[in-house]
Amino acid sequence: MKRGRKSNEATHGSPAEAADEESKRHKMTDEKHRAVQSPDWANLLQDIILQVFQYLPLLDRAHASQVCRSWNQVFHMPDLWRCFEFELNQPATSYLRATHPELIKQIIKRHSNHLQYVSFKVVDSSKESAEAACDILSQLVNCSLKTLGLISTARPSFMDLPKSHFISALTVVFVNSKSLSSLKIDDTPVDDPSLKVLVANNSDTLKLLKMSSCPHVSPAGILCVADQCHGLRELALNYHLLSDELLLALSSEKHVRLEHLRIDVVSENPGQTQFHTIQKSSWDAFIKHSPKVNLVMYFFLYEEEFDPFFRYETPVTHLYFGRSVSKDVLGRVGMTCPRLVELVVCANGLRPLDEELIRIAERCKHLSAIGLGECEVSCSAFVEFVKMCGGRLSQLSIMEEVLIPDQKYSLEQIHWEVSKHLGRVWFPDMMPTW
């Protein structure tokens, strides 16, 4: 027994030594615990910090850059400033999201040669915010922008500015960029002469042009862009800028095949807007040159204003009706839109669309998506429509109140019947998903 005790003491040491060893283990465990609980933020990899900074608004970036030297270095890395959205509003309306113009000026002074993808979003209707955007634009003299977006989410904003002030600031960018490939402009006083400056300096690189609600641009101004920018692949504009001459220019042999053409057909005051008709021969030439083009048309018209549309074959692929549309117009769609891929009808009225849907299923062999809002369709007609279209209907968004039970199908039965023909489980929507 004595020998056993001695052997045990020799193995484990004295009680004092055991206590000391136990203390060391606790200390190491506490240090590891503190390391987990209190990470060293200053020593995070700069690539990780860069990824986080890219999601922060400008003011938050500036505040974060003051945390430590490492974060400040990331704040001034060129990669952080290649793509940026300047959000401008008045502090009184949204203090936390307001972007301070003086801070923006400092950023441009140091990083203007790094900026490539820039957008300005004016989120209030104040003239001051629009003026701040123009002041920033006029400073972009050392930039080589590839993308520029000017978006006013609250009217009138840019339209309140003196036209000459806005044009002067915009042409600074057009002249200095030399490699602009994408331009998106909404609700601005841009005009034909400024588009000529754009073309003169960026005709070889411009691939996308989106213009909405720019009343000082004429069809001739857009035609100038199409004539000179042969690499244009995407074009979005209001219907009043669409012309036979524009479609023919986009169809010339020297022009690349257009991939997307979006047309907004909008009427603010019923009966006060006259809509012209595009000739079938112009559409035919356009589709012959660009057979795979997506032609997207958004209609926000009153019922009596649809007369010039869908009178003969129209090569539209994606069709959206934002206001109520008559049975007659939808019937014409089924007869004249063989390339139709997607159809959304937000409202129709109280007359069932049974015949119109069946005609669309018969004639529009490429239809793969449909959305119906405030309309009426009998359950039998809807099942027949789905049966005719079959599994190619990848998106079927139908409000439950659209479907009217009849002698053949109830609302409970239609779920199973439609699912059977689609080859997947389907339920009506409780709210619009488009």
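View 1. A cavity is a set of points on a 1 Å grid over the protein atoms alone where a 1.4 Å probe fits but cannot get out, and lining residues have an atom within 4 Å of a point; a volume is the space filled by probe spheres set on the points, which are joined across faces, edges and corners. Of the 13 lining residues, Trp-283, Pro-308, Phe-309, Phe-310 and Thr-314 are the closest to the centre of this cavity. The lining comprises 9 nonpolar, 3 polar and 1 charged residues, where Ala, Val, Leu, Ile, Met, Phe, Trp, Tyr, Cys and Pro count as nonpolar, Asp, Glu, Lys and Arg as charged, and the others, Gly among them, as polar.

**View 2. The second largest cavity has a volume of about 40 Å³.** Its lining includes Leu-330, Leu-343, Val-345 and Glu-356, and by class has 7 nonpolar, no polar and 1 charged residues. Helix 15 gives the largest share of this lining, 3 residues (helices, H or I of at least four residues, and strands, E of at least two, are DSSP runs numbered from the N terminus).

**View 3. The largest pocket holds about 450 Å³ of space.** A pocket is an open set with protein on both sides within 12 Å along at least five of seven lines. Among the 19 residues that line the largest pocket, Ser-213, Asn-238, His-240, Val-266 and Glu-268 are the closest to its centre.

Residues are numbered from 1 along each chain as its sequence is written. In this predicted model, local features need pLDDT of at least 70 and side-chain atom pairs count only at pLDDT 80 or more, while totals for chains, interfaces and linings use all residues, and side-chain values use heavy atoms, with hydrogens and water left out.
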